[in-house]
Amino acid sequence: MSNEYLDSTLKIFSLNANRILSEEIAKAIGVELGKCTVSQFSDGEISINIEESIRGCDVYVIQSTNDPVNKHLMELLIMTDALKRASAKTINLVMPYYGYARQDRKARAREPITAKLVANLIETAGATRVITLDLHAPQIQGFFDIPIDHLMGVPILADYFKSKHNLVDDGLVIVSPDHGGVTRARRLADRLKAPIAIIDKRRPRPNVAEVMNIVGNVEGKTAILIDDIIDTAGTITLAVNALVEAGAKEVYACCTHPVLSGPAIERIQNSSLKELVVTNTIPLPVEKKIDKIKELSVAPLIAEAIVRVHENKSVSTLFD
């Protein structure tokens with residue numbers, strides 16, 4: 001991708017959540033990252049200074065809202081306000097990982113719907129568009145009254161398994177770790193020409209999963225578990241154990257967003273998982289880069305989406 005067809009009104013800025021990914025995206029498009037500084041006052045308040053004119057420009061701000069979630073979210077909101085006050089033509093928030101997405105409904109009485117609250121905050125701050133990747137619940141798109149482009153990580157994951165492992169044969173099965181992920185598993189299964197299986201589980205409380213049984217045939221097969229987020233890795237490791245007990249030959253897992261908090265790395269390291277394939281929507285610190293984890297880049301996908309949005313071209317055709 002070159003920048004010969006991009007005019008000077010396209011500006012890309014990076015905040016602190018994932019600078020390396022932002023640099024990859026800018027390089028793929030063929031532009032320099034915009035100049036801005038993000039700092040903190042001694043009491044923790046965030047200060048942002050945009051160091052170049054963006055008047056009349058189409059600005060794209062790259063920021064996942066991963067840990068520390070609240071700090072990265074406030075950076076994004078303050079940057080949006082600064083851009084609005086500096087007369088940016090459009091303010092496009094590129095959120096590879098949309099934090100708080102798991103709080104998308106009232107599962108119990110007196111619970112907040114925080115995914116909707118975050119959408120309200122983003123709109124109130126002045127954003128004109130959101131570009132995100134694999135929302136935990138697709139209906140979150142309806143929480144916004146501004147355009148939202150919802151990208152998918154499945155093609156990236158499928159291409160990896162096809163090219164690196166050649167796992168496309170009769171001995172392959174794609175497994176959803178719960179009923180909610182069946183659509184995602186079906187998308188991967190269609191690309192790898194494999195059947196699907198479902199793990200029927202119940203979750204007694206947050207971050208605690210209990211595997212019940214497996215719907216589908218996994219005996220003697222290579223299983224690929226797919227999820228959008230892996231957080232504490234409790235669900236995935238229990239699923240791996242269940243698949244092995246049910247006779248699966250070997251088990252791989254993949255996800256778009258490697259939150260990997262708490263005991264996740266230890267659980268993955270000690271599990272029977274052959275490999276966990278993730279993307280770089282959330283940066284992995286050195287201590288989490290273990291041999292079992294393979295990281296793929298979403299930069300080419302996001303770069304292409306940004307160019308298409310800027311040129312008023314279809315984004316959905318990226319996934320045909």
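In which loop is Asp134 found? Asp134 sits in the loop between strand 6 (129–133) and strand 7 (148–151); helices (H or I, at least four residues) and strands (E, at least two) are DSSP runs, numbered from the N terminus. Phi of Asp134 is near 45 degrees, a positive value in a residue other than glycine.

This is a predicted model, in which local features need pLDDT of at least 70 and side-chain atom pairs count only at pLDDT 80 or more, while totals for chains, interfaces and linings use all residues. Residues are numbered from 1 along each chain as its sequence is written, and side-chain values use heavy atoms, with hydrogens and water left out.

The peptide bond from Asp67 to Pro68 is cis, with omega near -5 degrees.

I turn to helix packing. Helix 2 (residues 69–85) and helix 3 (residues 114–125) pack at an angle of about 25 degrees, with their axes 8 Å apart. Axes are lines fitted to C-alpha atoms, for helices over the stretch in contact, and angles run from 0 to 180 degrees between N-to-C directions. Helix 2 and helix 3 are therefore roughly parallel to each other; angles under 35 degrees count as roughly parallel, over 145 as roughly antiparallel, 65 to 115 as roughly perpendicular and the rest as oblique. Leu73, Leu77, Thr80, Asp81 and Lys84 in helix 2 meet Val118, Leu121, Ile122, Thr124 and Ala125 in helix 3, where contact means heavy atoms within 4.5 Å. This contact has six nonpolar, two polar and two charged residues (Ala, Val, Leu, Ile, Met, Phe, Trp, Tyr, Cys and Pro count as nonpolar, Asp, Glu, Lys and Arg as charged, and the others, Gly among them, as polar).

How far apart are the axes of helix 1 and helix 8? They are 8 Å apart, at an angle of about 55 degrees, with helix 8 spanning residues 299–310. That angle makes helix 1 oblique to helix 8. On the helix 1 side, Leu21, Glu24, Ile25, Ala28 and Ile29 meet Ala299, Ile302, Ala303, Ile306 and Val307 of helix 8. The residues of this contact divide into nine nonpolar, no polar and one charged.

Thank you for your attention.
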